[in-house]
Amino acid sequence: MANLGVAIVRQYQRGVVFRFGKLRSVRDPGIRFMIPLADRMWKVTLRTVTMPIPSQQVITRDNVSIGVAAVAYFRRVDPVKSIVEIEDVSSAMSQIAQTTVRNVVGRSLLDQVLTDTETLNSQIKDILDGLTQQWGIYVLLVELKDIELPAGMQRAMARQAEAEREKRAKIIAAEGEALSANRLAEAADVISDHPIALQLRNLQILAEIAAEKNSTIVFPAQFLESVRALTRFVEGEAGTGAASRPELRTRREPVRSGSSVPV
């Protein structure tokens with residue numbers, strides 16, 4: 001049909017017409033008529049293209065070799081430039097995207113690659129967008145989707161993360177112990193000023209134990225106090241009686257011969 005001078009341009013396409021090899025016009029969607037054998041149409045899609053960037057080995061700024069894979073989204077915004085300025089847009093985008101990813105990641109530290117991927121994605125996108133504007137290409141988004149680390153580096157990072165978590169756990173436990181000691185000291189001060197508070201606390205603990213174990217507990221606090229008071233009273237009475245009695249004196253008389261001594 002193109003040779004007969006009739007072409008159908010779809011909604012997501014634009015038709016670039018060349019007449020005897022010279023750029024003639026850009027045709028919108030619909031049925032378009034051309035001069036047979038003189039005009040030739042190239043159809044350019046304006047839809048967003050998803051282009052995977054294969055994994056490649058990159059050496060970071062701190063001399064760590066990693067594998068980086070990414071994905072880029074772009075679309076053609078100028079049909080004429082995408083045909084006239086470059087021969088194969090898809091191949092050119094793939095090559096320039098791989099080179100840009102390698103350069104940006106190679107200038108970054110490993111920690112930045114792992115934790116600050118948004119900044120790297122933005123840098124790669126800006127570089128690609130600036131390079132491909134002359135081709136009529138607009139880069140929508142670039143994302144690092146896979147980062148491969150060496151096995152030794154993975155083990156080292158795992159040990160580092162474990163040590164960091166242990167440090168945090170010890171710090172939190174120490175802070176809890178310090179806070180608990182401060183609260184216990186405050187409670188001891190309150191109990192020393194108000195002795196009845198200790199008895200109230202004992203009763204509260206008994207209520208909690210009885211609720212959990214479902215049992216009855218007899219706490220002989222008053223009985224023990226009464227026993228102690230009785231003991232102190234008896235000891236006091238015994239000491240007083242011993243002090244008030246006179247000493248018993250015994251006299252020895254000489255034993256005479258022939259006389260009996262009563263027993």
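## Helices and strands

Helices, which span at least four residues, and strands, which span at least two, are runs assigned by DSSP and numbered from the N terminus. By that definition, the protein chain of this predicted model contains seven helices and eight strands.

## Confidence in the model

The pLDDT of the protein chain averages 80, and 77% of the residues reach a score of at least 70. Over residues 247-263, however, the pLDDT is below 50, and this stretch has one contact in the model beyond its near neighbours in sequence.

## The chain as a whole

The protein chain has 263 residues, of which 23% count as buried, and its accessible surface comes to about 19200 Å², with 55% of that area belonging to carbon and sulfur atoms. When contacts between residues at least 6 apart in sequence are considered, 59% of them join residues at least 24 apart.

Strands of a sheet pair through backbone hydrogen bonds, in either a parallel or an antiparallel manner. Here, three strands form an open sheet in the order S6-S7-S8, and their pairing is antiparallel. Strand S6 (49-59) and strand S8 (137-148) stand at the edges with a single partner strand each, so one side of each has no neighbour in the sheet. From one strand to the next, the twist averages 20°.

The antiparallel pairing of S6 with strand S7 (residues 65-76) extends over nine bridges, and Ile 53 has Ala 70 in S7 as its bridge partner.

## A helix across the sheet

Helix H2 (residues 89-106) lies across S6, S7 and S8, and runs at about 40° to S6.

Technical notes: Residues numbered from 1 in each chain as written. Predicted model: local features only at pLDDT ≥ 70, side-chain atom pairs only at ≥ 80, totals over all residues. Heavy atoms only, no water. pLDDT = per-residue confidence, 0-100. Contact = heavy atoms within 4.5 Å. Buried < 20%, exposed > 50% of the residue type's maximum accessible area, 1.4 Å probe, protein only. Areas by Shrake-Rupley, 256 points an atom, 1.4 Å probe, with all protein chains shown as cover. Pairing = 2+ DSSP bridges. Axes fitted to C-alpha atoms, helices over the stretch in contact; angles between N-to-C directions.
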